[in-house]
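I am opening a notebook on a structure that is new to me. I will set down what I looked up, entry by entry.

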Amino acid sequence: MSEGKFPGKLTSAWITYAYLVLYIGLSGAQIFFNKWVLSSKEINFPFPVALTLLHMIFSSVLCFTLAKVFKLIKIEEGITPEIYITSVIPIGAMFAMTLWLGNSAYLYISVAFAQMLKAIMPVAVFILGVAVGLEAMSCQMLMIMSVISFGVVVASFGEVNVSWVGVIYQMGGVIGEASRLIFVEIFVKKKGIKLSSMSVMYYVSPCSAACLFLPWVLLEKPKMDGFTAWNFPLHILVLNCLCTFALNLSVFLVISHTSALTIRVAGVVRDWLVVLVSALLFADTKLTPINLLGYAIAIAGVVSYNNHKLKREVIKAVDPIELREGETALSVPENETERLIHR
């Protein structure tokens, strides 16, 4: 390696780490910010549908302004009416469902417990992936899914204040996010369309806002009209929406410099930090040894899942032909695996 290339690679690595720290910080901050806004002891704005709708409207307007008015970002073309109906609308609807139900859960359960329940996400993604033919059942994956599920059950058993309404909301949000990821994978793999995260936001945000409008009118608007106990200052509202947009932008920056798998790994780090910090910030968070043991088991399963996905990506990089039945990541020489991972 020449001396001129080393400083450049070192600088690039530090930039990547900076983006990762930015993503973890913004993601954790957004979780606490939403909890603070929805909490009856703080802003007391107990309307998760309205909050999510505001986020999507703000994102839609800002993306349109940056792309079409100031032309600061480029939006990829190629989204036909057929693709919009069969792909963008389902992705937008599932995204809306994820945010709506996930935010609703904060009204009933602690931030820490909500993050513990989110650890079940790989299980939901895997089950849906098998159902639509994107994943293949194997003994290894079945074992990993069993470990994650067992860990979440143990963590739930150790929860001091369990609200089953909050658990149902959170599980609904997990199913919505898993469905969104499956639709995105179908969108990319089967239809061959690849968009930047900014372009995805440009197309998906208005669709999500439209999907949230009817639930807001039916479920929350009548309550908001007669509710006077909340005060949502304009500067807090704008800051909350900006934080959401910045979080989505940070995802774009991380993926553009690393991969989607790195986002999942960074998400594990974020979840641990959120669980621990929430115990310090919120009085409704009481972590028990059983909580932490179960969550540690679940995270171990999630790490194994991410490692399994990474090895499959390495195999496809070595041989793009689909894996044959019974073929595993162990069939790739270790030195080749390491070379591709660090390439």
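Are H3 and H8 parallel, perpendicular, antiparallel or oblique to each other? Before answering I note that this is a predicted model, in which local features need pLDDT of at least 70 and side-chain atom pairs count only at pLDDT 80 or more, while totals for chains, interfaces and linings use all residues. Residues are numbered from 1 along each chain as its sequence is written, and side-chain values use heavy atoms, with hydrogens and water left out.

**Entry: H3 and H8**

I looked up helix H3 (residues 81–105) and H8, and found that they pack at an angle of about 55° with their axes 8 Å apart. The axes are lines fitted to C-alpha atoms, for helices over the stretch in contact, and the angles run from 0 to 180 degrees between N-to-C directions. H3 and H8 are therefore oblique to each other, given that angles under 35 degrees count as roughly parallel, over 145 as roughly antiparallel, 65 to 115 as roughly perpendicular and the rest as oblique. Their crossing is right-handed; a crossing has that name if the near helix is turned clockwise from the far one by less than a right angle, and is left-handed if anticlockwise. Among the residues that meet here are Tyr84, Val88, Phe95 and Trp100 in H3 and Tyr203, Cys207, Cys211 and Leu219 in H8, where contact means heavy atoms within 4.5 Å.

**Entry: the chain as a whole**

I counted next, and the chain has 12 helices and zero strands; these are DSSP runs numbered from the N terminus, helices being H or I of at least four residues and strands being E of at least two. Of the 343 residues of the chain, 45% count as buried, where buried means under 20% relative accessible area, exposed over 50% and partly exposed in between, with a 1.4 Å probe and protein chains only. Among contacts between residues at least 6 apart in sequence, 83% join residues at least 24 apart.

**Entry: the nonpolar cores**

Which residues touch the most other members of the largest nonpolar core? In that core of 76 residues they are Val37, Phe45, Ile79, Val111, Met145, Ile148 and Phe232. Helix H8 (residues 197–225) gives the most to this core, with nine residues. A nonpolar core is here a set of buried Ala, Val, Leu, Ile, Met, Phe, Trp, Tyr and Cys residues joined through side-chain atoms within 4.5 Å. I then followed Val37, which touches Ile43, Asn44, Phe45, Leu51, Phe232 and Asn240, not counting residues up to four places away in sequence. A second, separate core has eight residues, including Leu20, Leu26, Ile263 and Ala266.

Asn44, one of the contacts of Val37, has a phi near 60°, a positive value in a residue other than glycine. Most residues other than glycine have a negative phi. I placed Asn44 in the loop between helix H1 (5–38) and helix H2 (48–69), and at 13% relative accessibility it counts as buried. Lys71 also has a positive phi, of about 55°, although it is not a glycine. Lys71 lies in the loop between H2 and H3, and at 62% relative accessibility Lys71 counts as exposed.

**Entry: cysteines**

How many disulfides does the structure hold? I found zero, a disulfide being a pair of cysteine sulfur atoms within 2.5 Å. For Cys211, the nearest cysteine sulfur is that of Cys207, 4.3 Å away. Cys211 is partly exposed, with a relative accessible area of 30%, while Cys63 is buried, with a relative accessible area of 1%.

Returning to helix H3, I looked at Asn103, which lies in it and at 6% relative accessibility counts as buried. Asn103 touches Asn34, Leu38, Pro48 and Thr52, again not counting residues up to four places away in sequence. In helix H8 I looked at Ser199, which is buried with a relative accessible area of 0%. With that same exclusion, Ser199 touches Lys74, Ile75 and Glu76. The C-alpha atoms of Ser199 and Ala67 are separated by 9.3 Å, although these residues are 132 residues apart along the chain.

**Entry: H4 and H6**

Last, I looked up helix H4 (residues 111–118) and helix H6 (residues 139–157), which pack at an angle of about 160° with their axes 9 Å apart. H4 and H6 are therefore roughly antiparallel to each other, and their crossing is left-handed. Phe113, Met116 and Leu117 of H4 make the contact with Val152, Ala155 and Ser156 of H6.
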